[in-house]
Amino acid sequence: MGAIDAAITANGSYEKSFHQGNLAMPPARKLAIVACMDARLTIEPMLGLKTGDAHIIRNAGGIVTDDVVRSLIISQQLLGTQEVMVINHTDCGMLTFKDEALRTKLLKGTGKLAVAPARFYSFDDVEQNVLEQVHKIHSHPWIPQQITVRGFVYDVKSGNLLEVTGVELRRVA
Ligand SMILES: [Zn+2]
């Protein structure tokens, strides 16, 4: 059985014991999370979250791209979230390549140019990457000043979540 078929079968069991059909749309904890898509990060149990508690926005690297900003603005302006966690992690796949090398490989492999994606956002320092993403959120003119943004690195070996400190980017209203 393929992975998608297995997932559809699993949903049959999930539906039978489902009792969360009356949750409100706004996240109960007023929390948004930007995290890497890495399969070893299971965000809800990692942070003690339940269904309906938080918006979880994920992509390769936990990068604050234009589309993540779009989701955060909707999350804050329309659905009332007030805090943002940026979560990167140890042993991230984004540490294993360089944008230019991947672009060259794709160009050679396909023989075709492509305008998008303009960048893959590979990086070589996880903590620095977290700080950059936090800064991108803080400095955006459409992110309200009272929004709290904090950055973290999750250790895939220990399960520990460590806050990236050494910088105070919290805005003063
Ligand atoms: Zn990752």
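Mentor: I will start at the metal, then take the strands, the cores and a few backbone details.

This is a predicted model, in which local features need pLDDT of at least 70 and side-chain atom pairs count only at pLDDT 80 or more, while totals for chains, interfaces and linings use all residues. Residues are numbered from 1 along each chain as its sequence is written, and side-chain values use heavy atoms, with hydrogens and water left out.

The zinc ion has Cys 36 (SG), His 89 (NE2) and Cys 92 (SG) as its protein donors, at 2.0 to 2.3 Å. Donors here are N, O and S atoms within 2.8 Å of the metal (3.2 Å for Na, K and Ca); water is not among the atoms, so sites may look incomplete. The donor residues follow the spacing C-x52-H-x2-C in sequence. Cys 36 belongs to strand E1 and Cys 92 to the loop between E3 and H4, so the pair ties together parts that are 56 residues apart in sequence. Helices (H or I, at least four residues) and strands (E, at least two) are DSSP runs, numbered from the N terminus. Both Cys 36 and Cys 92 are buried, where buried means under 20% relative accessible area, exposed over 50% and partly exposed in between, with a 1.4 Å probe and protein chains only.

The loop between E3 and H4 also holds Asp 91. Asp 91 has a positive phi of about 60° although it is not a glycine, and with a relative accessible area of 51% it is exposed. Most residues other than glycine have a negative phi, and most peptide bonds are trans. Lys 30, also not a glycine, has a positive phi near 50°; Lys 30 is in the loop between helix H1 (3–16) and E1. Its relative accessibility is 40%, so Lys 30 counts as partly exposed. The peptide bond from Ala 116 to Pro 117 is cis, with omega near 0°, and Pro 117 sits in the loop between helix H4 (99–110) and H5.

Now the strands. E1 pairs with E3 in the parallel sense over five bridges; two strands pair if DSSP finds at least two bridges between them. Leu 31 has Glu 83 as its bridge partner in E3. E3 also pairs with E4 in the parallel sense, over seven bridges, and here Val 84 has Val 149 as its bridge partner in E4. Six of the seven residues of E3 are buried, so E3 is largely enclosed by the rest of the structure.

Val 84 and Val 149 return in the largest nonpolar core, which has 24 residues; together with Leu 72 and Ile 137 they touch the most other members. Such a core is a set of buried Ala, Val, Leu, Ile, Met, Phe, Trp, Tyr and Cys residues joined through side-chain atoms within 4.5 Å. Two or more of its residues come from each of strand E1 (31–36), helix H3 (66–77), strand E3 (83–89), helix H5 (126–138) and strand E4 (148–154). Apart from this core lies another, of twelve residues, including Ile 33, Ala 35, Phe 152 and Tyr 154. Leaving out residues up to four places away in sequence, Val 149 touches Val 84, Val 86, Val 134, Ile 137 and His 138, contact meaning heavy atoms within 4.5 Å.
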